[in-house]
Amino acid sequence: MTGRNSEIPSHRVVLVTGPSGAGRSTAINVLEDLGFESIDNLPLNLLPRLLDGPPLERPLALGLDVRNRDFEVNAVLDTIRRLAADPEIDSEVLYLDCTQEVLLRRFSETRRRHPMSPGDAPGVGIVREIELLAPIRHQATVLLDTSELSPHELRAALQEWYDPEPARRLAISVQSFSYKRGVPRGVDLVFDCRFLRNPYWEPALRARDGRDSGVAGYVAADPLCAPFFDKVADMVLLLLPAFQAEGKSHLTIGFGCTGGKHRSVMMTEKLGKALANQGWQASIRHRELERHARSVPPQAGVSL
């Protein structure tokens, strides 16, 4: 990959890898939809020939996993180093990460055999692959944990990173969650709402959630609610331009309460709408409400 001489990179290359079941195939398809030329499982020894020529018409997304014909960790690391050292190649490593527990659940649900343990239980292969890929994970330019992401959410996250069309604006995700299930991975700013009045103890409000006007009004009646929200909103609005100037493309803000159903949901809705009203690109997610919705089976005779 030598012989060219230019200060402007001629090629853009994204190496896409990660443990089996973490979403690599989905990521390859998303990048292809975004205009990348996508090649999955390309033998590494063919990559120099692919890049030894005139500038590529489209950026290149290469999927690498343990099923590659000549996959070997040191060879992948050497490829990453050579790409990074070539001034005519703009390269990065997109690593799709995932916890062992979620990977095991995904393999169990699909009843697929793991490529590193075709004759054993999937858990054996999952551990082997995570350990094998650890040195590559440390070289990741973009490390995206898919443990709690649906395919739709993974697509949205990748579009925020790689879509060439939108202006480079800061994308903000405001999320509610339950401390019982832990703080979501990848949250940048976390605010604890457990000091506010809890609608759970009101029988008429218990079954509703923070999007309900009655629940929202009950929480808002807490004397600390308004000053708490105002200070949070002021701080976030102060920080957003600084994050954007620093080059950050995505910011996640989390509100947590005991059950993730009332107070955190109300605050998430309120801040998300306030940011949108200020012209920021803000999305809203309620982790526990989404989890509950997925766990409730559809009623008989109802098509969803």
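Student: Which residue in β3 does Glu-37 stand opposite?

Tutor: Glu-37 stands opposite Leu-60. This is a predicted model, where local features need pLDDT of at least 70, side-chain atom pairs count only at pLDDT 80 or more, and totals for chains, interfaces and linings use all residues. Residues are numbered from 1 along each chain as its sequence is written, and side-chain values use heavy atoms, without hydrogens and water.

Student: How do β2 and β3 pair?

Tutor: Strands are DSSP runs of E, at least two residues; helices are runs of H or I, at least four; both are numbered from the N terminus. Two strands pair if DSSP finds at least two bridges between them. β2 and β3 (residues 60–63) are parallel, over four bridges.

Student: What is the strand order in the open sheet?

Tutor: The five strands run β2-β3-β1-β4-β5, with parallel pairing. β2 (37–40) and β5 (142–145) are the edge strands, each pairing on one side only.

Student: Which strands does helix α1 touch?

Tutor: Contact means heavy atoms within 4.5 Å. Angles run from 0 to 180 degrees between N-to-C directions, with axes fitted to C-alpha atoms, for helices over the stretch in contact. α1 (residues 24–33) packs on the sheet and touches β1 (11–17), β2, β3 and β4 (89–97). Its direction makes about 155° with that of β1.

Student: Which residues of α6 are buried?

Tutor: Buried means under 20% relative accessible area (1.4 Å probe, protein chains only). In α6 they are Glu-153, Leu-154, Ala-157, Leu-158 and Tyr-162. They cover an arc of only 150° around the axis (taken from the directions from the axis to the C-beta atoms), which puts them on the same side of α6.

Key:
Buried means under 20% relative accessible area, exposed over 50%, partly exposed in between (1.4 Å probe, protein chains only).
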